[in-house]
Amino acid sequence: MQHEQCEIRVDGLMSETLIGSFPELEHVVVSGQTLLYGPLLDEAHLYGLLARLQSLGLHVVELRRLPE
Amino acid sequence: MAATGGDDDERDEPRPGRAGERNAVLPGGAGGRDAPLPGGVGDRPAPLPGRAGEPDAPFPSGAGGSPAPLSGAGDRPAPFPRGVGGSPAPFPGVGDRPAPLSAAVDPLGDPFLQTRFALPSRPGTFLRRERLVGRLGQALSTPLTVVNGSAGAGKTLLVADWAAHLGQPVAWLTLDAAVDGPGMFWAQLLQSLNAAGVPVPAAIGFPADATRAHHTLLSRIASELAGRDRPVTVVIDEFDEVADPEVARQLEFVLRHARPGLRLVLVSRSEPLLPLHRYRAAGEMTEIRDAELAFTTEEAVELLDLHGLSLSVPVAEALVERTRGWAAGLRLSALAARASPDPELYLKEFEAGRSTIADFLLAEVLDRQPPETQDLLLRISVLDRFRPDLADELTGRRDAATILAGLHRANAFVEDYGHGWYRLHPLFREILRAHLRSRAPGLEPRLHHRAAHWLRRSGTLREMLVHGAAARDWTYLAGALVEDLAIGQLLTGLGSGEPVDWFAAMEGETPDAATNLVRAACELSRTHRSDRSDRAALERGTAHLRLAAEQLSVEGRGTPAALLSHALLGALAGRLSGSAHLAEQATRSARRLMERMPSRLLDAHPELRALLLTHVGAARLWAGRLDEARAALAQVAAAPRTASVVLPRMEALEHLALVDHLNGWPSAAERKVLAMTVEAERYGLGRPQGSGIGQLVLAAVALGRDDVDRAEALLAGLPEQPPVDPVAAATRQAVTADVLLARGRTGAALTVATRPVPAADVSPWARGRAALAVADAHLAEGRPDAAVDVLRQVAGDQPLCTVGTARAHLAAGDPGTALDLLEGLTADGRSGPAVAVPAALVRARAAALKGDAATARRLLARALAEGRREDLRRAFRDAGPWAGPFLAEPPLRALAAGWLVPEPQPPGEPAGGGHGAVTPTEELTGREREVLERLAGAMSTEDIAADLYVSVNTVKTHLKAVYRKLSVHRRNDAVRRARELRLL
């Protein structure tokens, strides 16, 4: 099965602790924003990620899905 | 409440008028204010005086509601007094107004959590913002208000403050993940109305199944709210916790139909799945979103002032910009700044930073707390809500009460929910949990385990399960379920969802006995649910059960609870596999075990006894021991009602109806199913419930009345998948075959009737009914000898088979054998009119063939009298055309008139002028027809409204038009008239 990639751009610099809540994603800091990226399993995963971001009070600036 | 078993009632005396009273009283009484039951019951012809064929004796038994443990269920039950044995008795407790289900427990049998209904208190630092209060004021003029904002935007406190000052009752409901499924949701919502002092009457009913809420319950809630003098305001906080889209759909339905009686305020992080665009376009929605919730600079200055920080406007401006006016950000920055030596400098530095706000600030605030407080906050982050003693359980210390009170005073993190309960702000809880994971890896599951342990003692089953599952400690969880006797709850609703997946996910471990028992319960419960019956699950369940049995005996330390759980599941497995022997054996050992269990534990689980009796009753029914089956099932019907016994109770009632049907008492069977249906709707259960036996009985009754369309429609409403339960499967085949025969589709009927029903034992009635259908097919195709052949093996099994055999012999030209066969039948005290009428018709035909017209007339007269009372038209049609000339003769014609043949025209009146078969002057519209059809299907007005997605008033309008066009004034008359006119 082909996986998609997702890229989520979050406003601000996330602490290591908070990044620990997204163990399935890589991260990189770009100009004051945190970019989380990694394989997207399915729709449920996507909405789960969004809910997790929301519950931690994070501000999503951009969300992209890319074919792998 | 249950049977009084008075001496008078047990005597088998003909009681003229008594049966008629029942006819009128029973369905209405059970239905309460709900629905008159049109069609079928109210409008049956009155019984002929002096022939009250059904002694309406309540059950003589120890079943009078007293919790005598399984009296006579395991062993052979005490025989019924002579004369009562066979005829149908009403089940006690249905006719009288039922004691409402205790409103103190939810559908899982757990007490309601007060904290869900408490208006959240505002901290001392809460800032009332008039512009938002003013916006909320508009909520009073729109049916729907939605407050949407990100976590920590200040939604809850805003609405709570508004509600507290509203000066009228507000029902408050805070949802959480444990409120799972429509049934649970509506139970909580109704409880929130109770808690707010604006309860709905108990007659509205109550959802008994956590996973379902039938639309009729919703209709009743809506019409109750719509009819109130003052609208009620309901706030649902954390609506985003609702995972099931069905809940949103149902809520919208109630909102739409409760107008103007309901004002709904939804507080949510994400947009609720209601058709908001429609409300928006119609100007019927008040909306408050992030942009409005955000603090202005002036408000930020005021807020920080309340926290003891006085800020210059430029600093405040920068802070608002940095936090986007986010309430949680402002509050945290105030807490962090307050603890620093130079608050203003601290805030300036914070403004310049780039960290994500909540995360950064919370870490700052947390780090400034004493170590014990930090430890406590991190550990309680695994909990939704907690009392100090639960927090102590997680820390292993005894200081939680002091620390929590201190945190609450300082307005930091902790919210006081009253009744000794606290909770963390959801946003802070999530971030704290992230800290817990990084600071103490591996601690989280252990904390869940400890929470589960505490909740098992002092909390609810559902919460215990949530934490046990989060700990992934399946062995512990299974042990707790078994030892606490919760295995029955897995069969009455809990077992349909998550637990199945949890325990299926166990890998790499050797399951112990308790785990095997829980797995067996999940599988058997899956087998047994009507919506997805699954034969493979029966085999898996039985396999788990076998493993558990081996483990329990080898380990030699099977606790009474484990052994009892095993016995209960064994009874169900025996029943589902069609083995009365296994079910009886299991029930006997269950009874022995129950004697050794503390009565406190048994009293807390009335579903165990109800399930056992239902299973053994159904197994006896399969084995053809109908009286013994009824003895067990009637005890379930007579037992006090609580939420946890509703499902077995419904099953018991439909099996009792099936017993009546098999014995040949169609009206009694029908009454039981209709009363059951009404009751099921009160409890928010849908139709068809159970295995569909109730609907099958109704179809069989309709067929007996020659109403083939209705029988067909009832069959069409069943799930496509045939049930695993052999009783339901065999009944379904028999009724389906009979309907096909009535349609002249003999080939298809043969295919259905000869399909084997997988079961361990042969069921005499199932075999007999199948053989009868095959024989009827042969007769229909002119092969009477083949019919005789088929019936030869089963002739003695059942009275109806005897009648069928006699009919086949008659058709084969052998009236002598036919009469000999029927000779023995009259001695049978059990059989009702549906056996007696066809028997009389066969004998009448035989007499006519022999030239004994007088005997034929006498027998026909008897058949007509009995057949009229039960409206057994089909029996006369099946008998053939030979009776036609007899029925044209005056004395018999009078008996047949009005139901079997048309009423004679009064002399002098022009044909077609009276109530004959004329078409109405005005055609019914399509909608009116739809309403009429549902009316005939015993649906209430609310029921019809919900079914057609229109308001109750619209239905009433249609009904009025129907009455006018049919020239009637009552629903029963409308249905009867419509049948006469062949509109139905």
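**Exercise 1.** Determine how many of the 14 residues of helix α18(B) are buried.

*Solution.* Step 1: apply the criterion, under which a residue is buried if 20 or more other C-beta atoms, placed from the backbone, lie within 10 Å of its own, exposed if 12 or fewer, and partly exposed in between. Step 2: count the residues; 10 of the 14 are buried, and α18(B) is mostly covered. Step 3: name examples; among the buried residues are B:P426, B:F428, B:I431 and B:L436. Step 4: consider the span. Helix α18 of chain B comprises residues 426–439 and reaches 20 Å from its first C-alpha to its last, close to the 20 Å expected; the expected span is 1.5 Å times one less than the number of residues. Helices (H or I, at least four residues) and strands (E, at least two) are DSSP runs, numbered from the N terminus.

The model is predicted: local features need pLDDT of at least 70, side-chain atom pairs count only at pLDDT 80 or more, and totals for chains, interfaces and linings use all residues. Residues are numbered from 1 along each chain as its sequence is written, while chains are lettered from A and ligands numbered from 1 in the order in which they are written.

**Exercise 2.** State the order of the five strands in the open sheet of chain B.

*Solution.* Step 1: two strands pair if DSSP finds at least two bridges between them. Step 2: the order is β2-β3-β4-β1-β5, with parallel pairing. Step 3: β2 (170–174) and β5 (285–288) of chain B are the edge strands, each pairing on one side only. Step 4: inspect one pair; β3 (residues 232–237) and β4 (residues 262–268) of chain B are joined over five bridges, and B:I236 stands opposite B:L266 in β4(B).

**Exercise 3.** Explain why α12(B) and α14(B) are described as roughly parallel.

*Solution.* Step 1: the axes of α12 (residues 327–338) and α14 (residues 357–367) of chain B come within 9 Å and cross at roughly 25°. Axes are lines fitted to C-alpha atoms, for helices over the stretch in contact, and angles run from 0 to 180 degrees between N-to-C directions. Step 2: angles under 35 degrees count as roughly parallel, over 145 as roughly antiparallel, 65 to 115 as roughly perpendicular and the rest as oblique; the two helices are therefore roughly parallel to each other.

**Exercise 4.** Classify A:V60 as buried, partly exposed or exposed.

*Solution.* Step 1: A:V60 lies in strand β4 (residues 60–67) of chain A. Step 2: A:V60 has 14 C-beta neighbours inside 10 Å and therefore counts as partly exposed.
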